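Please look at the sequence and the structure shown here, and keep both in view while reading the short report on charged side-chain pairs that accompanies them.

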Amino acid sequence: MQKSGQVWINGNFIPWDKASISIQTHALHYGLGIFEGIRLYKTDRGSAIFRLHDHLNRFYQSAQIAGMNLPFKAPELYDAILETLKLNQLQECYIRPLAFVAEGRMGLNSLGIPISVAIMVWPWGAYLGEEGLKHGIRVMISSYSRKFGHLKLSKAKITGNYVTSQLAKIEAIQQGYDEAILLDPEGTIAEGSGENIFIVKNHHFKTPPTTHILEGITRDTILVLAEKRGWTTSEENFTKEELYEADEAFFTGTAAELTPIREVDQKRIGSGDIGPVSKILQQDFKEIVLGKKNEFEEWLTFVNLSSKSIRASTLPNFI
């Protein structure tokens, strides 16, 4: 992991190597925290954050679901993200807002314990590898399934939700695969360890409904792009057999962007390489985040890294 210079914590900037927390931090013991993953892209017109407003709205929705009263309003956090980027002078990077139950008493009752909020930024390339973006990755159906005690929890990026994802990812790596796919409680396809999933059959797209999965922002972007191309889409459950027989399959996510799947459980998907439809959507997505499609300009927040002051006062209202 390539470190950047400064981390924003509770309104102050701290050098990366000094940004630490107490061993008594409640979230470290019990897993109650929320986070977002956001990307800053370098375009011909300067650096731009992709769908920042949507990411921050989801961050505060996660806080609401988790019962966490954040000490900063959304416009304040918006400003903090821009100031963090400006201070670190990164033209392209990954942005990680994080909120967690801080130091306090032990025990499951977190009421009254302060909430800490932090922002980290660092350079991060293709999450599943450049070769994976070009030619697809090998995945396996995990022995772990996607289960949330309450359906609302699937709508939130809660840190504790990712324990199952970690175990599924480790299982896949240990068995020689790049990534894992988790089933939902009914035994149909849910998502990857940290990505949403699509299959394509005869130019029809299927992606699981959001009953047991996170409502991905990149997932939503791809649905918009597919429909704009005139391809039909549906949000419905599908089986692993349908996945095996798909013409194409791919993951979506802020980190993964659009990563093709070329093999599942040692079964080749389609041609065993990136499919033509996936390649078109991958290019469409790249053109949007690089500011080359004016019709999607509203999804980009351009950042002037040399500006003395950046404020969120002109943005639409946050939730």
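This is a predicted model: local features need pLDDT of at least 70, side-chain atom pairs count only at pLDDT 80 or more; totals for chains, interfaces and linings use all residues.

## Salt bridges in the whole structure

When the whole structure is searched, 19 salt bridges are found. A few of them are described here together with the parts of the chain in which their residues lie.

## From helix 5 to strand 9

Lysine 169 and glutamate 179 form a salt bridge in which the closest N and O atoms are 3.4 Å apart. Because lysine 169 belongs to helix 5 (residues 162–174) and glutamate 179 to strand 9 (residues 179–183), the pair ties together parts that are 10 residues apart in sequence. Glutamate 179 has a relative accessibility of 0%, and it therefore counts as buried.

## From strand 15 to helix 8

Another salt bridge brings together the side chains of glutamate 257 and lysine 286, with a distance of 3.5 Å from N to O. This pair links distant parts of the chain, since glutamate 257 lies in strand 15 (residues 257–264) and lysine 286 in helix 8 (residues 276–289), 29 residues apart.

The two partners can also be described by their accessibility: glutamate 257, at 8% relative accessibility, counts as buried, whereas lysine 286, at 31%, counts as partly exposed.

## A network of salt bridges

Glutamate 287 and lysine 293 meet through their side chains in a salt bridge of 3.4 Å, taken from N to O. With a relative accessible area of 23%, glutamate 287 is partly exposed. Both residues belong to a network of salt bridges that links Arg229, Asp284, Glu287 and Lys293.

Terms used:
Residues are numbered from 1 along each chain as its sequence is written. Side-chain values use heavy atoms; hydrogens and water are left out. A salt bridge is a side-chain nitrogen of Lys or Arg within 4 Å of a carboxyl oxygen of Asp or Glu. Helices (H or I, at least four residues) and strands (E, at least two) are DSSP runs, numbered from the N terminus. Buried means under 20% relative accessible area, exposed over 50%, partly exposed in between (1.4 Å probe, protein chains only).
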